[in-house]
Amino acid sequence: WVDRLPLKVSLIAADVLRGVLQLTVALLVLRLGSLPLWVINGAALLGGFAYIFANPAGSAAFPQLVPQGQLARANGIFGGVFQGAWLVGTLAGGVLVATLGPPVAILIDGVSFLLMAALLPLVRSARW
């Protein structure tokens with residue numbers, strides 16, 4: 001599927017789906033107080049399916065954003081930044097859960113996915 005869709009469309013659609021899922025779960029928990037585990041697991045499963053599309057599309061898009069001669073260096077920098085962002089994001093998520101509670105942390109996560117979906121159209125590449 002990913003090779004049939006434009007990369008940018010795949011990335012935006014995956015972020016929108018993950019954002020909507022996170023926001024839906026968070027808002028339902030805030031409104032109802034709790035959710036059945038099957039609802040949370042279903043949202044996680046659908047979010048995982050979105051990741052299946054987003055991950056290869058992101059990997060395919062990266063070389064289109066960097067000049068060929070600088071791709072090896074850019075990959076190294078990206079790998080380091082990705083690992084650092086993952087660590088900081090995990091720590092920040094823990095702080096949000098501890099201070100604001102799980103539903104608000106999930107709400108913020110959902111907003112972050114929608115923000116990325118809104119910002120992605122601003123990324124320019126000659127091949128998109």
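How many helices and how many strands does the protein chain have? There are four helices and zero strands, where helices (H or I, at least four residues) and strands (E, at least two) are DSSP runs numbered from the N terminus.

## Before we start

What you're looking at is a predicted model, so local features need pLDDT of at least 70 and side-chain atom pairs count only at pLDDT 80 or more, while totals for chains, interfaces and linings use all residues. Residues are numbered from 1 along each chain as its sequence is written, and side-chain values use heavy atoms, with hydrogens and water left out.

## The overall picture

Walk along the sequence and you get the pattern α-α-α-α. The C-alpha trace of the chain spans about 55 × 30 × 25 Å along its principal axes. Of the 128 residues, 26% count as buried; buried means under 20% relative accessible area, exposed means over 50%, and partly exposed is in between (1.4 Å probe, protein chains only).

Now for contacts, meaning heavy atoms within 4.5 Å. Take those with a separation of 6 or more: residues 24 or more positions apart account for 80% of them.

## The largest pocket

Rolling a probe the size of a water molecule over the atoms shows where empty space is left. On a 1 Å grid over the protein atoms alone, a cavity is a set of points where a 1.4 Å probe fits but cannot get out, and a pocket is an open set with protein on both sides within 12 Å along at least five of seven lines; lining residues have an atom within 4 Å of a point. Grid points are joined across faces, edges and corners, and a volume is the space filled by probe spheres set on the points. The largest pocket here comes out at about 1,600 Å³.

Its lining has 41 residues, with Asp15, Arg18, Phe82, Phe113 and Met116 nearest the centre. By type, the lining splits into 29 nonpolar, nine polar and three charged residues. Here Ala, Val, Leu, Ile, Met, Phe, Trp, Tyr, Cys and Pro count as nonpolar, Asp, Glu, Lys and Arg as charged, and the others, Gly among them, as polar.

Leaving aside neighbours within four places in sequence, Asp15 is in contact with Phe113, Leu114, Met116 and Ala117.

## Nonpolar cores

A nonpolar core is a set of buried Ala, Val, Leu, Ile, Met, Phe, Trp, Tyr and Cys residues joined through side-chain atoms within 4.5 Å. The largest one has eight residues: Leu7, Leu11, Ala14, Ala50, Ala54, Ala57, Ala61 and Leu120. Helix 1 and helix 2 each supply at least two residues of this core, and helix 2 brings the largest share, four residues. A second, separate core of five residues includes Val25, Val29, Leu35 and Ala43.

## Aromatic rings

Rings of Phe, Tyr and Trp (its six-membered ring) pair if their centres lie within 6.5 Å; planes under 30 degrees apart count as stacked, over 60 as edge-to-face and the rest as tilted. Searching the whole structure turns up two aromatic pairs. In one of them, Phe62 and Phe78 are tilted, at 5.0 Å centre to centre and 40° between the planes. Phe62 sits in helix 2 and Phe78 in helix 3, so this pair ties together parts 16 residues apart in sequence.

Phe62 counts as buried, at 18% relative accessibility, whereas Phe78 is partly exposed, at 44%. Together, Phe62, Phe78 and Phe82 form one aromatic cluster.
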